[in-house]
Amino acid sequence: MRKMEYKFNNSTELLELCNKHKLPISQIAIRREMELSKKSRAWIRDKMKDVRDTMWGAIQKGIKNSTKSKYGLVGGDAKKIYEGMAKMGKMLHSKVTVRAMAYAIATAEQNARMGKIVAFPTAGGAGVVPGVLFSTYQHMKSSKRKMLNALFTSAAVGIAILEHGGTFSAAKAGCQAEIGVGTAMAAAGLTEMRGGTPEDCLNAAALALKNMLGLTCDPIGGLVEVPCVKRNAMGATMAISASDITMLGVKSFVPMDEVVEAMMNIASCMDEGVRETAFGGLAITPTGFGIREKMGLPKVPRKYLKKCHNCKLKNLKI
Ligand code: SF4
């Protein structure tokens with residue numbers, strides 16, 4: 001069987017391929033895809049164009065829509081930020097960052113409304129990559145080609161994480177594997193878009209993911225709404241920060257592959273209550289309980305309530 005020239009099993013190998021072929025991450029990702037699918041470069045780029053257009057469609061709908069989700073937990077914040085930033089004038093964050101937050105929330109709100117989005121890497125964490133990349137694309141007046149390449153770079157980082165034994169599953173590793181991974185992917189894509197080297201891209205990814213380690217998955221009522229929607233915005237700011245300090249020469253002390261290993265080590269210590277069950281963290285706050293009741297969900301099993309800080313405070317008999 002012919003050896004795959006562009007296959008990589010982790011970020012280290014991805015970087016080696018970039019150095020060997022003197023290519024950016026995006027081009028290694030495209031060649032890997034061509035090898036795997038036996039399709040042409042044009043076909044693969046067209047597929048990614050579909051992804052890009054679907055992402056943009058969700059953003060466009062999301063920033064105009066103030067409809068609340070079914071139980072009223074989210075909806076209308078993207079519009080609030082997007083319209084508000086024009087009126088507000090000077091903000092503490094740059095316009096590109098605030099707009100990235102608006103776009104990230106727009107995508108996540110569309111997901112909560114059952115609108116069409118791209119799960120990149122997952123539906124819950126779908127806002128970070130498009131939020132960051134589209135806002136920067138507009139800010140830099142970048143070319144469509146660079147935007148598309150940035151998406152390939154983000155995707156390659158996601159692949160490297162999976163190939164190295166990581167996961168996108170919140171049931172396995174909490175939100176560090178959803179919005180955390182999305183933030184790392186966004187940081188890498190953004191860094192390539194602004195002219196960073198492959199090493200810079202992976203450095204930004206490592207800085208971003210390091211800061212998301214241990215992030216719980218504790219959605220109120222089991223809905224992908226709170227904290228998910230606004231967490232996408234926070235991921236966007238972190239991706240931009242990681243890319244900024246990378247471009248200023250800051251190095252991650254721990255390389256990307258080791259950060260992924262740390263993520264999985266932490267996953268193995270994470271309580272089941274904060275791994276997508278909606279039986280821990282924010283999901284069992286008084287607000288979380290209130291929504292459960294409103295939705296008519298069954299009671300939270302006693303074993304999870306034993307760890308509920310609020311129940312202890314109120315000395316509830318459980
Ligand atoms: S909190 Fe859980 S459901 Fe929400 S985005 Fe994070 S991993 Fe997904």
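The exercises below use a predicted model.

**Exercise 1.** State how many helices and how many strands the protein chain has.

Solution. Counting the runs gives 15 helices.

**Exercise 2.** Decide whether the radius of gyration of the protein chain agrees with that of a compact globule.

Solution. Step one: the chain has 318 residues, and a compact globule of that length would have a radius of gyration near 20 Å. Step two: the value for the protein chain is 20 Å, so the two agree. Along the principal axes, the C-alpha atoms fill a box of roughly 65 × 45 × 35 Å. Of the 318 residues, 51% are buried.

**Exercise 3.** Compare the reach of helix H7 with its expected span, and say how H7 sits in the structure.

Solution. Step one: H7 covers residues 144-163, which is 20 residues. Step two: at 1.5 Å a residue the expected span is 28 Å, and the distance from the first C-alpha to the last is 29 Å, close to that value. Step three: 14 of the 20 residues are buried, so H7 is largely enclosed by the rest of the structure. After H7 comes Gly-165, with a positive phi near 90°.

**Exercise 4.** Determine whether Ala-177 is buried or exposed, and describe its surroundings.

Solution. Step one: Ala-177 lies in the loop between helix H8 (170-173) and helix H9 (179-193). Step two: a residue is buried if 20 or more other C-beta atoms lie within 10 Å of its own. Ala-177 has 32 C-beta neighbours inside 10 Å, so it counts as buried. Step three: leaving out residues up to four places away in sequence, Ala-177 touches Thr-167, Phe-168, Ser-169, Ala-170, Lys-172 and Met-263. The C-alpha atom of Gly-166, 11 residues away along the chain, is 7.9 Å from that of Ala-177.

**Exercise 5.** Name the residues of the largest nonpolar core that touch the most other members, and follow the contacts of Leu-133.

Solution. The core has 99 residues, and those touching the most other members are Leu-133, Ala-187, Ala-205, Ala-208 and Ala-239. Beyond its neighbours within four places in sequence, Leu-133 contacts Met-147, Ala-150, Leu-151, Ala-186, Gly-189, Leu-190 and Met-193.

**Exercise 6.** Sort the shell around the ligand by class.

Solution. Step one: the residues around the ligand include Cys-175, Cys-217, Cys-228, Glu-178 and Glu-276. Step two: by class, the shell has eight nonpolar, two polar and two charged residues.

Methods. Residues numbered from 1 in each chain as written. Predicted model: local features only at pLDDT ≥ 70, side-chain atom pairs only at ≥ 80, totals over all residues. Near = placed C-beta within 6 Å. Nonpolar A, V, L, I, M, F, W, Y, C, P; charged D, E, K, R; others polar. Helix = DSSP H or I, 4+ residues; strand = E, 2+ residues; numbered from the N terminus. Rg over C-alpha atoms; globule rule 2.2 N^0.38 Å. Buried ≥ 20, exposed ≤ 12 C-beta atoms within 10 Å, placed from the backbone. Expected span 1.5 Å × (residues − 1). Core = buried A, V, L, I, M, F, W, Y, C linked by C-beta atoms within 7 Å. Contact = placed C-beta atoms within 7 Å.
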